[in-house]
Amino acid sequence: MAKLAQIRLAGTIAVTALCAAAANAAVAQDGPIVLNNQLQLGDVVAGQTLNVVDVSATGYVFTSNAALGNSAVGGTEGEAMNVRSNQIARGDTTATTAMTLRGTTNGPVIGIIQARGNNLTATTNDASTSVTATQEVSGDTFARSNITNADARLVGGAYVAVGAVGNNVGLSGTNASTTGVIDQTASGEVRAHNMATTQYIPAAALFTGEATANAVQVATNGVSNQNMTVRQRSNGAMVEAAVNPNAGNAWDLAGRATATGNLVGLGNEGGGVSAAVDQENSARIRGAARVFAYDYGKAYVSSRAAANEVSLVGDDFAVGIDNAQRNTGQVDSTATFQGAKGYDVYVGADAIGNVINCVQCRGAANNVQTNSGNISASANTAITTSNRTVISGSNAVGNAATFYVSGNGGR
């Protein structure tokens with residue numbers, strides 16, 4: 001019998017589970033089958049409002065806010081699992097948090113704000129998993145955080161992360177054999193906004209925004225292997241990540257924005273990886289990070305925008321990929337810092353049409369990339385009085401491919 005095979009579902013669903021029976025050897029060998037169908041027609045909205053005054057020396061502010069159109073979560077231990085999933089989100093999915101932090105907050109301010117149209121995650125340990133998944137999102141996916149009070153004193157620093165994903169599949173496990181056929185289509189807008197207006201931050205403060213239309217990420221370790229086929233289509237109007245933290249006086253302030261049309265990340269230890277990826281983007285991909293501090297110690301500003309991205313990392317000789325990427329959408333990335341006086345400033349902007357990075361690609365690698373969209377990257381720094389160091393850079397690339405192999409001299 002199965003040691004553990006379970007799946008947790010949210011949204012409007014129809015589920016059929018056929019579990020292994022002792023009297024049926026064929027079914028027992030294949031393991032449990034999970035059939036998941038989810039259709040979300042209405043809007044899903046999660047909102048939070050905080051109004052806080054003078055948090056004590058031992059206190060802190062923590063907020064977590066998540067909106068999910070359709071979500072399925074599964075796992076198995078020591079028994080094979082077969083997942084067939086179809087998720088459709090036609091309504092909007094929105095997660096917003098507004099924080100009014102008056103006076104002094106002595107502990108750290110932590111915020112995690114997430115919006116996902118469709119989400120499927122599964123974990124496999126000491127077994128095999130087969131996943132066939134289709135995800136379609138036509139509604140908009142929006143996540144936002146805003147710290148609104150201009151006299152806020154964040155003495156304990158801050159970490160605020162905002163993420164919006166149209167379609168997401170995440171698979172993981174130890175000693176796992178993972179086979180997947182995944183088809184994702186995003187035709188709605190995807191936006192992540194992270195704003196903050198403060199007076200004083202005498203500690204490290206990081207504000208991030210990540211927006212992705214389609215994402216597939218598979219991470220397996222131990223003695224594992226992967227065989228993945230992924231098709232992604234991003235054809236909405238906009239995928240945007242915007243970050244804008246402001247402070248009168250900040251000691252260590254960072255703003256990072258990342259916008260991606262289609263993303264595939266595969267990482268495996270202990271066995272082979274075989275992947276076939278087909279990505280196509282026509283949406284506008286926009287990353288925008290702006291940081292302002294009148295007085296500052298260190299300031300970091302980074303923005304990255306990519307239409308199609310594939311990353312594959314393996315540690316076996318049988319690691320290969322068949323990759324096709326096409327982009328027709330505009331891709332622009334802007335990083336801006338404005339300040340009066342301080343010490344060190346780091347500003348970077350990257351814009352890429354199609355990119356693949358394959359580490360330990362010892363097997364066959366076939367790569368076809370086509371870009372016809374406009375690609376632009378801009379890094380801007382404005383300091384009105386004194387400063388010690390400014391390091392700034394911008395990179396715009398139509399197609400980029402990196403294949404890296406390390407070995408022991410051919411043995």
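This is a predicted model: local features need pLDDT of at least 70, side-chain atom pairs count only at pLDDT 80 or more; totals for chains, interfaces and linings use all residues.
Tyr346 is partly exposed, at a relative accessible area of 26% (partly exposed sits between buried, under 20%, and exposed, over 50%, using a 1.4 Å probe and protein chains only). Residues are numbered from 1 along each chain as its sequence is written, and side-chain values use heavy atoms, with hydrogens and water left out.

Searching the whole structure turns up 2 aromatic pairs. Rings of Phe, Tyr and Trp (its six-membered ring) pair if their centres lie within 6.5 Å; planes under 30 degrees apart are called stacked, over 60 edge-to-face, and the rest tilted.

| Pair | Centre distance | Plane angle | Type |
|---|---|---|---|
| Tyr296 and Phe337 | 5.0 Å | 80° | edge-to-face |
| Tyr300 and Tyr346 | 5.0 Å | 10° | stacked |

Tyr296 sits in strand β16 (residues 284-313) and Phe337 in strand β18 (residues 331-359), so this pair ties together parts 41 residues apart in sequence. Strands here are DSSP runs (E, at least two residues), numbered from the N terminus. Both Tyr296 and Phe337 are buried.

The other pair links distant parts of the chain too: Tyr300 is in strand β16 and Tyr346 in strand β18, 46 residues apart. Tyr300 is partly exposed, with a relative accessible area of 26%.

Over on the surface, Val313, Val359 and Tyr404 make up a nonpolar patch with about 240 Å² of accessible area together. Patch members have over 30% relative accessible area and no salt bridge, and nonpolar side chains (Val, Leu, Ile, Met, Phe, Trp, Tyr) are joined within 5 Å, like charges within 9 Å. A salt bridge means a side-chain nitrogen of Lys or Arg within 4 Å of a carboxyl oxygen of Asp or Glu. Areas come from the Shrake-Rupley method with a 1.4 Å probe; for residues, only the protein chains shown count as cover. Tyr404 belongs to strand β21 (residues 389-404) and is partly exposed, at 46% relative accessible area.

Notes: Helices (H or I, at least four residues) and strands (E, at least two) are DSSP runs, numbered from the N terminus.
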